[in-house]
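Subject: Structure for your files

Hello,

Here is the structure I said I would pass on. My notes on it follow below.

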Amino acid sequence: MARRVAIVGTGQTKHRSQRDDVNMMEMVYEAATAALQDAELSVKDIDAVLLGNMEMFEGRALPEMWCGEGAGGVYKHCLKIATGGTSGTSVSISGFQHAASGLFDIVMAIGFEKQSDGHTATGMSLTDPFWDRHVAAGAIGNFALSISQYAAARGVTPEQAAKVAVKARRNACNNPYAHLQLPQLTVEQVLSSPIIAYPVHRFDMCPTSDGACAVIYAEEARARKICSRPAWVRAAVTRHDYAYLGDLKDRLISIRTMRDAARVAYAQVGIREPLKEFDVAEIYEPVSYAELAWYEALGFCKDGEAGRLMDDGITLLDGELPVNPSGGVLSTNPIGASGTIRVAEAALQIHGKGEKRQVPGVKMALVSGYGVYSWSDILILSSSPG
Amino acid sequence: MNPKVGIMGASQTHFEASKTHQTISEMVFEIAQKALEDAGISWEDLNYTITSSVDLWDGLTASNATLTEVVGAVMKPEMRVAGDGLTAAFQGMLTILSGAADLVLVLSYSKESMSSRWGITNWVFDPIYQQTLGLDYLSAAALQAQAYFSRYGITEEACARVVVKNLSDAQKNPFAQRRPKVSVQEVMNSEVWASPLKALDVSPISDGGSAIILASERVVRERKAEPVWILGAGRGLENHYLGERDLVEGEALRRAGQKAYDLAGIQNPFEEIEVAEISCAFSYQELLWSELLNFYPIGQGAKLLEDWEADLDGKLSINPSGGLMAGNPLIPAGLVRLVEAFLQLKGKAQNHQIPGVKKALAHGTDGPCGQGQCVMVVGV
């Protein structure tokens with residue numbers, strides 16, 4: 001890459017099902033201001049403002065026109081990235097590219113979604129009208145199909161998936177920004193919650209949230225000045241795949257986009273044993289079963305061993321590789337921000353600012369983004385510029 | 001700019017009022033294929049794709065998802081800029097400069113015939129104060145035109161002459177939407193849509209798209225290609241609320257232009273650039289944007305027309321393609337401008353070729369009254 005780049009500040013809103021105390025621009029302002037405060041920068045220091053959002057979920061057109069100035073984008077370069085569920089990681093990757101390019105030195109990337117302003121399930125139903133709309137509308141139905149296939153192939157049980165759901169909501173209790181904080185949630189409660197599409201229980205699924213998250217990138221010289229412990233971006237890889245559900249062979253089983261993106265990113269950084277070499281992972285799990293599938297795709301275990309990994313508590317907060325100490329997407333899901341939150345939470349761990357959710361001594365952190373039916377982003381952050 | 005980014009090839013569709021014979025995927029596939037062909041590269045050579053489209057125009061959520069195969073992005077990276085096509089080219093340039101890729105397809109399209117231009121652009125305005133007033137790009141543009149006219153004494157006739165010029169030039173552009181030549185009188189007599197804007201002052205509803213292939217300096221050298229180079233680029237955003245803006249001063253466009261000129265080492269754009277392709281969905285914008293881009297002193301837009309009439313003397317030509325009046329959808333319009341600049345620099349503009357073009361400017365815009373602005377200077 002042209003220049004080394006690090007994350008020097010992060011900021012989030014308090015995420016809730018309905019942030020009716022702020023409008024969309026004010027919500028963006030809240031996250032942007034928090035990130036500037038965290039980095040001890042002023043809005044004048046920012047050279048470019050990049051937004052990530054899925055406008056159909058709120059019924060806005062070009063929301064960056066309204067919200068850009070909430071992030072201090074006036075008279076600056078300001079654009080919007082929209083790639084479905086990966087919007088938040090895509091805009092983060094764009095932010096990294098901007099700071100690495102040499103044309104911008106300090107760049108803010110902000111993901112946001114105010115789902116309570118619209119109706120996400122309706123928005124998600126607007127898939128291809130000829131082929132997909134009747135069978136795969138919304139997020140839950142198509143996941144249920146792929147999960148049945150995955151569970152049958154790998155032998156993961158509803159209990160193992162429920163443990164993921166419990167882990168997320170309990171971890172969220174340590175995160176003051178998280179939406180669903182459920183300290184008392186049990187595996188039994190997950191399993192006795194209503195089935196929304198077999199085999200997915202209500203508690204297996206992510207919520208719909210309002211929220212925004214901002215990440216500030218700086219090129220090397222400025223990063224070292226601004227931040228005592230910068231989170232260096234060591235890899236940023238995207239893989240997209242076919243558009244139609246029926247074209248994706250063994251979707252969650254193979255998830256070839258994530259496997260290939262991880263393979264390339266690991267090679268760039270020299271990661272051979274991800275479970276040992278990463279100190280923390282913030283991965284995009286829209287449904288409990290997906291987290292198990294991602295364990296395999298990301299090389300945390302061999303294929304078929306994800307359930308055991310969960311049973312052994314390897315990915316709990318005190319395990320060998322804590323996964324989503326923030327509570328993950330299962331706790332907080334403002335779609336356009338969900339990927340950005342993963343990046344911010346991983347950076348926060350390297351900055352040593354995780355407070356109650358801090359994993360001790362984080363040097364290497366893994367981030368994943370996921371969207372559409374099988375799109376994947378992988379980022380690796382490190383305390384060392386490499 | 002150093003290191004440099006080159007444009008290896010370009011393509012555009014024929015622009016039509018309604019492309020009923022093609023789905024979006026079919027149209028996009030054709031655009032991508034032709035761009036690759038023009039650049040002399042294969043699908044396998046591409047290592048990044050930047051698309052530009054807007055879900056509301058396509059009536060689909062994550063509409064770029066339906067295009068992965070036809071933009072060469074299966075098991076490869078794609079990023080979708082949800083806005084103006086020239087901004088996607090800007091992102092593509094940064095992707096190369098960052099080292100993330102060295103051969104990038106940038107593609108933008110829209111089928112406006114499938115949707116409602118004024119309905120969708122009403123949704124761009126904040127939902128609390130402005131959307132409910134019924135503002136859309138048309139009524140907002142009428143306010144901007146009125147402010148511009150009254151401050152600098154610009155007349156409706158002067159704007160009508162811009163339309164006459166563009167529709168006359170469009171006759172020579174093989175990709176232009178088929179529209180008849182018009183007279184000043186016909187423009188003046190066309191139906192008033194939002195005073196002072198009349199039907200013929202407004203760019204037509206259009207279907208189509210365009211693409212470019214960007215390459216790093218290394219790839220250009222390896223392939224011994226003769227690209228068009230990006231010499232400079234800048235972007236800027238105005239405040240959102242119309243009441244908080246000086247609609248005539250256009251600070252964002254001034255700054256975006258200045259940034260591009262500085263990077264390209266241009267002191268006097270009027271003298272140093274031969275062709276400017278600028279995005280003007282409304283006739284008055286060709287005069288106003290030309291002033292804000294520092295081609296003319298502010299308020300002297302009418303001088304542009306005199307210079308147009310003296311075009312053959314080698315002065316700066318503005319929109320020899322016919323511009324948006326020749327029919328370009330709002331989303332890809334900025335990228336079509338870059339494609340036209342590319343064609344002029346390569347001497348491939350056929351009947352609307354301006355002789356001896358060494359430097360050209362492309363401009364794109366998003367939002368009401370030019371709220372978001374993008375300027376790129378290219379050269380050989």
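**Contacts of Ile350(A)**

Setting aside residues up to four places away in sequence, Ile350(A) touches Arg229(A), Pro230(A), Ala231(A), Val362(A), Lys363(A), Ala365(A), Leu381(A), Ser382(A) and Ser383(A). Please keep in mind throughout that this is a predicted model. Ile350(A) belongs to helix α16 of chain A and is buried, because its relative accessible area is 0% and the limit for buried is under 20%. Leu126(A) is 224 residues away from Ile350(A) in sequence, and the two C-alpha atoms are 39 Å apart in space.

Glu345(A) is buried, with a relative accessible area of 0%. Beyond its neighbours within four places in sequence, Glu345(A) is in contact with Gln12(A), Asn175(A), Glu282(A), Ser326(A) and Arg357(A). His15(A) is 330 residues from Glu345(A) along the chain, with 14 Å between their C-alpha atoms.

Thr83(A) sits in the loop that runs between β3 (77–81) and α3 of chain A. Its relative accessible area is 0%, and Thr83(A) is buried. The side chains of Thr83(A) and Thr86(A) make a polar contact at 2.7 Å. Leaving out neighbours within four places in sequence, the contacts of Thr83(A) in chain A are Met54(A), Ser90(A), Val372(A) and Trp375(A), and those in chain B are Asn64(B), Met79(B) and Arg80(B).

Ser101(A) is in helix α3 of chain A, which spans residues 87–101. With a relative accessible area of 8%, Ser101(A) is buried. A polar atom of the Ser101(A) side chain lies 3.1 Å from the backbone nitrogen of Leu103(A). Which residues does Ser101(A) contact, leaving aside its neighbours within four places in sequence? They are Leu94(B), Leu97(B) and Ser98(B).

**Chain A as a whole**

Chain A has 16 helices and eleven strands. Its radius of gyration is 19 Å, close to the 21 Å that the globule rule gives for 386 residues, so chain A is as compact as a globular protein of that length. Along the principal axes, the C-alpha atoms of chain A fill a box of roughly 55 × 45 × 40 Å. Of the 386 residues in chain A, 67% are buried. Among chain A contacts with a separation of 6 or more, 78% are between residues 24 or more positions apart. Chain A carries 37 positive and 43 negative charges, whose mean positions are 4 Å apart.

**Chain B as a whole**

Chain B contains 13 helices and twelve strands. For its 380 residues the globule rule gives 21 Å; the radius of gyration of chain B is 19 Å, close to that value, so chain B is as compact as a globular protein of that length. The box filled by the C-alpha atoms of chain B is roughly 55 × 45 × 40 Å along the principal axes. Buried residues account for 67% of the 380 in chain B. Of the chain B contacts between residues at least 6 apart in sequence, 77% join residues at least 24 apart. Chain B exposes about 12,300 Å², and carbon and sulfur atoms supply 50% of that area. The 31 positive and 45 negative charges of chain B have mean positions 5 Å apart.

Regards

Definitions and conventions
Residues are numbered from 1 along each chain as its sequence is written. Chains are lettered from A and ligands numbered from 1 in the order in which they are written. This is a predicted model: local features need pLDDT of at least 70, side-chain atom pairs count only at pLDDT 80 or more; totals for chains, interfaces and linings use all residues. Side-chain values use heavy atoms; hydrogens and water are left out. Helices (H or I, at least four residues) and strands (E, at least two) are DSSP runs, numbered from the N terminus. The radius of gyration is taken over C-alpha atoms; the globule rule is 2.2 Å times the number of residues to the power 0.38. Buried means under 20% relative accessible area, exposed over 50%, partly exposed in between (1.4 Å probe, protein chains only). Contact means heavy atoms within 4.5 Å. Accessible areas come from the Shrake-Rupley method with a 1.4 Å probe; for residues, only the protein chains shown count as cover. Lys and Arg count as positive and Asp and Glu as negative; His and the chain ends are not counted. The place of a charge is taken as NZ of Lys, CZ of Arg, CG of Asp or CD of Glu. A polar contact is a pair of N or O atoms within 3.5 Å; within protein, one must be able to donate a hydrogen and the other to accept it, and residues adjacent in sequence count only if both atoms are side-chain atoms.
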